[in-house]
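Hi there,

Here is the structure I promised to pass on. Have a look at it first, and then read on for what turned up.

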Amino acid sequence: MTAATIAKKPKVTVGSLIDKLSAIRTAKRDLAAQEKVLNAEYEGLQTQLIELMDSEGLSKSTGRSATASITTSRQFTPENWDTFVAYAAKIKRFDLVQRRVSAPAVRELWEMKGPVPGLTPYDKREISLRDL
């Protein structure tokens, strides 16, 4: 056997790339499932810790590996999106709304009415992968 034969890489084929994508997608799904379980456990422990610290009159405490402190930040839940968006437009504060285009809604509008002012379409190419 020559050095060239030993160093020869396996040929990349369409099928081998599809199989590799499938394996990575499966690994990502497994990790996402683990993350969901860990997030639920984390939220539960966080609630339990806040209740315990509140009952003991603590705002900060330390364990063996970390320090925890209770923080508070004001969050907002829209009760009426139309009213809120109209208000943001009236005062010209579009930074109050995260900038994200709803592709399905714009696609539908584009098909019905034509080009949408302020938007430039582009075609995003991806692989649609299905398990066998």
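D95 forms a salt bridge with R93, and their closest N and O atoms are 2.8 Å apart. The rule asks for a side-chain nitrogen of Lys or Arg within 4 Å of a carboxyl oxygen of Asp or Glu, and by it the count comes to 1 salt bridge. R93 counts as partly exposed because its relative accessible area is 36% (buried means under 20%, exposed over 50%, partly exposed in between, with a 1.4 Å probe and protein chains only).

Before you go further, please keep in mind that this is a predicted model, where local features need pLDDT of at least 70 and side-chain atom pairs count only at pLDDT 80 or more, while totals for chains, interfaces and linings use all residues. Residues are numbered from 1 along each chain as its sequence is written, and side-chain values use heavy atoms, with hydrogens and water left out.

I91 sits in the loop between α3 and α4 (103-113); helices here are DSSP runs of H or I with at least four residues, strands are E runs of at least two, and both are numbered from the N terminus. With a relative accessible area of 35%, I91 is partly exposed too. Its C-alpha atom is 54 Å from that of V14, 77 residues away along the chain.

Now to the aromatic rings. (Rings of Phe, Tyr and Trp, the last by its six-membered ring, pair if their centres lie within 6.5 Å; planes under 30 degrees apart are stacked, over 60 edge-to-face, the rest tilted.) Both residues belong to helix α3 (residues 81-90), 3 residues apart, or about one turn of the helix. F84 is partly exposed, at 28% relative accessibility.

Finally, the pockets. A pocket is an open set of points on a 1 Å grid over the protein atoms alone, where a 1.4 Å probe fits, with protein on both sides within 12 Å along at least five of seven lines; lining residues have an atom within 4 Å of a point. The volume is the space filled by probe spheres set on those points.

- The largest pocket holds about 470 Å³, and its lining includes W110, Y122 and K124.
- The second largest pocket has about 310 Å³, and α2 (14-55) and β2 (67-69) each supply at least two lining residues. The largest share, 7 residues, comes from α2.

Happy browsing!
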